[in-house]
2 protein chains.
Amino acid sequence: MADADDDVRAAAKRGIPPHSDFNAWYPAIVEIADLVDKRYPIKGMDVWRPYGWKAMKLIDQLTHTEMERTGHQEVNFPLLIPQELLERENRLIARLKAAREAGVDPSELRIEDEPEGFANEVYWVRHAGEHELEQPMFLRPTSETAMYTLFALWVRSHADLPLKMYQIVNTFRYETKQTRSFIRVREIHFFEAHTAHADEDDATRQIEEDLDIVARLMHELCLPYLVNRRPVWDTFPGAWYTIAIDVLMPNGRTLQVASCHHYRDQWAEAFDISYEAEDGEHRHCHQTTYGMSERLLGAVVGVHGDDSGLILPPSMAPHQVVLIPVAAHTSPEVGDMVSQVSEQLRAAGIRVHVDDRDLRPGQKYYDWEIRGVPLRLEIGPRDLSSGTALAVRRTGGKQSIPLEGISEAVGSELDAVADELRRRSSQHQADCIHALPDLIQNEDGEWSLSEKIEDGLVHEVAFCGNDAAAEVLEKATGLTILGHTLDEYDEPRPCCVTGEMTTKRQHLARMY
Amino acid sequence: MADADDDVRAAAKRGIPPHSDFNAWYPAIVEIADLVDKRYPIKGMDVWRPYGWKAMKLIDQLTHTEMERTGHQEVNFPLLIPQELLERENRLIARLKAAREAGVDPSELRIEDEPEGFANEVYWVRHAGEHELEQPMFLRPTSETAMYTLFALWVRSHADLPLKMYQIVNTFRYETKQTRSFIRVREIHFFEAHTAHADEDDATRQIEEDLDIVARLMHELCLPYLVNRRPVWDTFPGAWYTIAIDVLMPNGRTLQVASCHHYRDQWAEAFDISYEAEDGEHRHCHQTTYGMSERLLGAVVGVHGDDSGLILPPSMAPHQVVLIPVAAHTSPEVGDMVSQVSEQLRAAGIRVHVDDRDLRPGQKYYDWEIRGVPLRLEIGPRDLSSGTALAVRRTGGKQSIPLEGISEAVGSELDAVADELRRRSSQHQADCIHALPDLIQNEDGEWSLSEKIEDGLVHEVAFCGNDAAAEVLEKATGLTILGHTLDEYDEPRPCCVTGEMTTKRQHLARMY
């Protein structure tokens, strides 16, 4: 593979580590490809450069389109939340915990182990100017408490339901772990949808709608994913259950890019969100949330990239096509044709960028390869005489396409790039999901795997989900339980730890 | 005017005070028209409801379009700024103040009296979780210090200039004055453009471009405005000069909705933003900023509203047209035609909302009047037989328009509404600018006006701009000096205080 080696050598000259060395490649490429600048003097808070911000806003645009399709309304809540609302949240969580400890049926377990919720992760505002504030506030880590205070005022009768609201805002978490652009940051570009429903079933239907939205968005981003219902101990504070969307990154770690939470009426009780039903009774709402973040961009960067840089799906590429005039200084007709073609493409709704800089074509090719532009179009004197342009796909392959009706041909090329990204990434994910080897227990009662497992894989296993058994499983494998899939095994199988028969198909992996 | 009285009575029923009682009307209408909810438990931080947020985003969209037209790039900087950068800003301002006190030529005065800049107005973040942060941070009141730290890294050579960046973000000021929705809030939806140039002249040309952008935006918003170069003591910290855009609100107060600052190379020196010129020399950049905020929406609400509610300019109305089927339950053809018309209008890029709620038409009319929808279209059985729809302008007047080719007719109606808003608001502003009566001094040396001035006016006067004289002028009039216009008097006139001849045409008013 001399070509691939050449690519790596050329990339190395530009400071790009090989993609196979993902933990070096990722932090390098986000800066080399002009997505962010990490030199801002606060750790974990990057500056979004124009190219990166445009890419993120195009992902947001896909989200807005889905929200409009599904009848969600966009709101914007204050960033600052009064301390008293956090205390209200904490009381909710403590109450749920007490119920759990009082020995409620496990299927009714509704809380995670951590009773403080976000209390250890929030940034506090206690001073303004020279003053100490009477009312301490914190920067939102997410907006349940802020929104539900108002939902209690907005929901009056069944006619107000379902209430479907969303916002795209900056949120904050005081991360103590190592930060990584888009993946673990302290200021997070965040999407959150919050809904209120008449009953549990309607809230459940909302979760189904959310999963349908996930499917559509991930199709646009050409990303395969795992759907896992998180174990109880990894359920969002105050939620009945959490369904997480995990993307397998090239280093074998899974990245949670989205999650949906079914709250039943737990938050509604704590925040007094109730409505008058058609029968005149007052009932608490059932609620859900659905969150996503800039991690979607992190997944796009990680999953699709290669040794030469990014490869962006056409749906969110700031430039879908870069148009490069060849030998335009000797053939003025080239410039004219480039203008014509760019106008046609723009009129067809295609995001095109003309690179008429005074540089060697090879330099331009490298620049746009790094930035992951899906399609490069070259037009030179020979193309003019043959009535064609040379179309070079970022995923590999080049061919001449006719200038006549070029918008349709370019549309097909872009579709082909997207299809190729989907094919590659789905294949990779399928290759990486392996059955977990057997768990065996030695005479001292210590558990281990019957054979060593490779790095970088997701393992699937029948597992009953029991708390104590989970500890055994995670310790023996060195992996984290992602949770169980929504599609269970057709026939019950013995749990890998307890031997109990179960249909629960669970995923284990190393998580970000 | 029986009609107007009827309107006021009908509006009062819905809780809308008369527009003439502006200080009661404004805070009521922003909630009644569903723009914001003020019941969020932090003073001065409103919740943007879907209708208000959509209106604001449409104003932002006008701004994005102008930024694209003028070659600005969108970035997104962190909200949190390290304390050390504020200290750097303070040193800059202190240095400028010292230069001023050392008796530099008044034309070289570059600072305001307040040496702390924003230090008294910022919210501090000094704690996260249970920890005290090693590096105290504050919430951006504006982003000079954050951006210029990176500009110093981004600008290397003359080829990098001009650098034209902007962002639309949330900013924060700890307001101690009374807060008012959109006008004086503690979390501000804010636009800021920051540019760096090779020299003072190029920065000056940027200010000219900014004023051209202002003119285009304000045309879209149908808002007349005053352009005033602020007095030295009201110049932005660190700026050479500030040009402010003031809108006259119905209560006679002016509202600063935008401002442009020419920084010369003052910030570039403090933040070491320099470039290698074509001659190989290293020089500091000259810089400008241009800021706007949600006050634009406040001005739209205030200036155009009337006794029945909002009147929104078509450029930023979430619904440009509301389409109301009349007697649709008895004539199914009405519903079909309403669908057809709404599809046609949407295809023509017109934002149309079909109100098919099961309510009396009168109730629907009121609802959309309050929310300021520019055009109401009614389609009933009689309209079908005549092949027309009834078009009712929110600015008054109704007429039948043909269903055939309705998009063009609706476009004309919307233009007519915008023109009428411009006509009314320009007339009102022109009516409200009066010459200032003479200033006279009594035997005790006390100054007063030769005649009493009316409330609610902007006064124009020849004034030399001298510091001490300004104090006399503001005290005698009870007004604030907005600054001098960019178009001076053709012939010098005597200054109203000192009698010195001057061409400076100055405005005085009560400011928000």
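I began with B:Cys222, which is buried, its relative accessible area being 2%. I kept in mind that this is a predicted model.

Next I asked myself how many disulfides there are over all chains. The count came to zero. For B:Cys222, I looked up the nearest cysteine sulfur: it belongs to B:Cys432 and lies 18 Å away, and B:Cys222 is in no disulfide.

Then I turned to B:Cys495. How far is its sulfur from the closest cysteine sulfur? I found 3.7 Å, with B:Cys464 as the partner, which is too far for a bond. The cut-off I needed here is 2.5 Å between the sulfur atoms. I also checked accessibility: B:Cys495 has 5% and therefore counts as buried.

**Then a helix pair**

I moved to chain A and picked helix α9 (residues 332-347) and helix α12 (residues 406-432). Their axes are 9 Å apart, and the packing angle is about 65°. The two helices, α9(A) and α12(A), are therefore roughly perpendicular to each other; I noted that this class covers 65 to 115 degrees. As for handedness, α9(A) passes α12(A) in a right-handed crossing.

Which residues meet there? From α9(A) I wrote down A:Val341, A:Gln344 and A:Leu345, and from α12(A) A:Ile406, A:Ser407 and A:Val410.

Key:
Residues are numbered from 1 along each chain as its sequence is written. Chains are lettered from A and ligands numbered from 1 in the order in which they are written. This is a predicted model: local features need pLDDT of at least 70, side-chain atom pairs count only at pLDDT 80 or more; totals for chains, interfaces and linings use all residues. Side-chain values use heavy atoms; hydrogens and water are left out. Axes are lines fitted to C-alpha atoms, for helices over the stretch in contact, and angles run from 0 to 180 degrees between N-to-C directions. Helices (H or I, at least four residues) and strands (E, at least two) are DSSP runs, numbered from the N terminus. Angles under 35 degrees count as roughly parallel, over 145 as roughly antiparallel, 65 to 115 as roughly perpendicular and the rest as oblique. A crossing is left-handed if the near helix is turned anticlockwise from the far one by less than a right angle, and right-handed if clockwise. Contact means heavy atoms within 4.5 Å. Buried means under 20% relative accessible area, exposed over 50%, partly exposed in between (1.4 Å probe, protein chains only).
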